Amino acid sequence: MEYEAIVVKSIQAVAAFAGEECEPTGNSIGRVPRNKMGDAIVDLKVGTAIYGRMVMEAKNKKLSKKEWEIERDGSLENRAATGFIGLCKHAEDMPTGNRIIIMNPRAMVLAFNPETDDNELVFLVYHLVRVATLSESGTLDEVSAGEVNHYLAETMKTLESFDSITRTA
C-alpha cells in the first residue's frame, strides 16, 4: 500500500499538468461487485469535456506478462476505463526485464521507483497512453488522427530503445 500511495501522488502531479485530476480508488469497490482493481483513475479532458478515462494499477511485486494482462483487463472493466498504466517498483520484477512493456498503445506497464527514478518517465508514459486513449475515442480536436498515430509509433520505437540501453547498462 505504501508504494501505491506514493505512485498515485506521482500520477496526480503529472495529471495536474494536463489539467486533469487523478482520484485514488484503491480502497473502493468499482463497477464489479467486491472488486477493488484499479488504484487510481483519471478522467481525460479536452477543454472542459470528459472524453475518456485511464486507470492505474501499482504493484510492488513480480508479475508475469499474463498477470499484468489480467490486472489490465480487470482494472479497465472495474473502473470503466479505456486506457491503462501499470506501475511496477523494480525493473527486475518486470516480466520481460525491460523498463517498459507496451501491451498496446492504450496500455503500458512501467518500472518506476519513485525513490530513484525521475517523474519524467511517468510523464512520458502518461501522455502516450492519454493521447492514444483520446485518439481511440475520436475526440482529439484540431489534430489529425493519422498524425497522432504516426507520432505515437515513433515514440513507442524510442521507448523500446530505452529498454536496449537499460539492458546494455
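Modeller: This is a predicted model. In it R130 forms a salt bridge with E20, with 2.9 Å between the closest N and O atoms.

Colleague: What makes the contact of R130 with E20 a salt bridge?

Modeller: The closest N and O atoms are 2.9 Å apart, and the cut-off is within 4 Å, so the pair qualifies. R130 lies in helix α3 and E20 in the loop between α1 and β1, so the pair ties together parts that are 110 residues apart in sequence.

Colleague: Why is R130 called buried?

Modeller: Its relative accessibility is 13%, and buried means under 20%. E20 counts as buried at 3%.

Colleague: How do you know that E115 and K89 meet in a salt bridge?

Modeller: The N to O distance is 3.4 Å, and the limit is 4 Å. E115 lies in the loop between β6 and α3, and K89 in the loop between β4 and β5, so this pair ties together parts 26 residues apart in sequence.

Colleague: Are E115 and K89 buried or exposed?

Modeller: E115 has 60% relative accessibility and counts as exposed, because exposed means over 50%. K89 is buried, with a relative accessible area of 15%.

Colleague: How many salt bridges does the rule give?

Modeller: The count comes to eight.

Methods
Residues numbered from 1 in each chain as written. Predicted model: local features only at pLDDT ≥ 70, side-chain atom pairs only at ≥ 80, totals over all residues. Heavy atoms only, no water. Salt bridge = Lys/Arg side-chain N within 4 Å of Asp/Glu carboxyl O. Helix = DSSP H or I, 4+ residues; strand = E, 2+ residues; numbered from the N terminus. Buried < 20%, exposed > 50% of the residue type's maximum accessible area, 1.4 Å probe, protein only.
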